[in-house]
Amino acid sequence: RKQVQAWSKDILNMSGDVGKAPKELADALYYITSSGVKTTEAINYLNLAAKGSAAGLGEVKTVADGLTSVMNAYTGTTLTAADAMDTLVKIVREGKAEPEELAGSIGHVVSITSEMGISFQDLGASVAALSRVGLSSSEAMTGIKRVLQTMLEPTKAATKVMDDFRRRTGDTTLTFSGLRKEAQTNLIGTLLHVKNAFGGNLEAVGKVFGSVRGLNAMLALTGRQSAEVQRIFNSMREDTDDLNEAFKAASETMGFKWQQ
């Protein structure tokens, strides 16, 4: 009871600052506390989600759901909740993803990226880049997931193709275990490594990334727009305060002031 009363006071104090009704904040807090976030961190998560919502990422509870999914997946890493929210804002800024769909679908792929040691920033850059060529957030997530699943659990056919090209090129790093290791620090560099090693042989690339969605994602990230894709990856890795900048811009609008 004591904790709930404290949260009640925090929510009432926060409501005017973020332009959100106490009921909406309370509903979001339910998602946050149910996800296992520490009691001492719950209000901080709520404040971040409310700012993201005010900046246009969707309802507070939708943003909170996405944020907690990311943080639960990346438990034990250096990723902070503030960093995760900055990345979500950057995905929308750099791409064409529908904000609410993005926040609601991000949990579909973070478990595999975190387990493979791939940063949330690189995942975000991939989603932003794929959304630019017309893929929805969920389609982009599925495509990236298929690419990573190929690296994690390659088929016999994919392994044979990779072995053949490794012998042809003499590139000893051209193995699935080598690619997994490389992807931990540079996902886009890894995909370009594969494409360049195959010398533009799309048939071979198709045999490795067998699913249509996986192949589509691979080619979209490494195709003619690869220079712009690289810029998006670099931008996503920059340490910036995107959430607060977006919130500040939103808070200056008449709509936000009316909500307050």
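**Note on two helix contacts**

1. The axes of helix H1 (residues 2-18) and helix H2 (residues 22-34) come within 9 Å and cross at roughly 125°, which makes H1 oblique to H2 (angles under 35 degrees count as roughly parallel, over 145 as roughly antiparallel, 65 to 115 as roughly perpendicular and the rest as oblique). Axes here are lines fitted to C-alpha atoms, for helices over the stretch in contact, with angles from 0 to 180 degrees between N-to-C directions.

2. This is a predicted model, in which local features need pLDDT of at least 70 and side-chain atom pairs count only at pLDDT 80 or more, while totals for chains, interfaces and linings use all residues. Residues are numbered from 1 along each chain as its sequence is written, and side-chain values use heavy atoms, leaving out hydrogens and water.

3. On the H1 side, Trp 7, Ile 11, Leu 12, Met 14, Ser 15 and Val 18 meet Pro 22, Leu 25, Ala 26, Leu 29 and Thr 33 of H2, where contact means heavy atoms within 4.5 Å.

4. Helix H8 (residues 120-132) has 13 residues that should span 18 Å at 1.5 Å a residue, and its end C-alpha atoms are 19 Å apart, which agrees; the expected span is 1.5 Å times one less than the number of residues. Of these 13 residues, 12 are buried (under 20% relative accessible area, with a 1.4 Å probe and protein chains only), including Phe 120 and Ser 131.

5. The axes of H8 and helix H14 (residues 212-222) come within 10 Å and cross at roughly 90°, which makes H8 roughly perpendicular to H14. Ser 126, Ala 129 and Leu 130 of H8 make the contact with Ala 217, Ala 220 and Leu 221 of H14.

Notes:
Helix = DSSP H or I, 4+ residues; strand = E, 2+ residues; numbered from the N terminus. Buried < 20%, exposed > 50% of the residue type's maximum accessible area, 1.4 Å probe, protein only.
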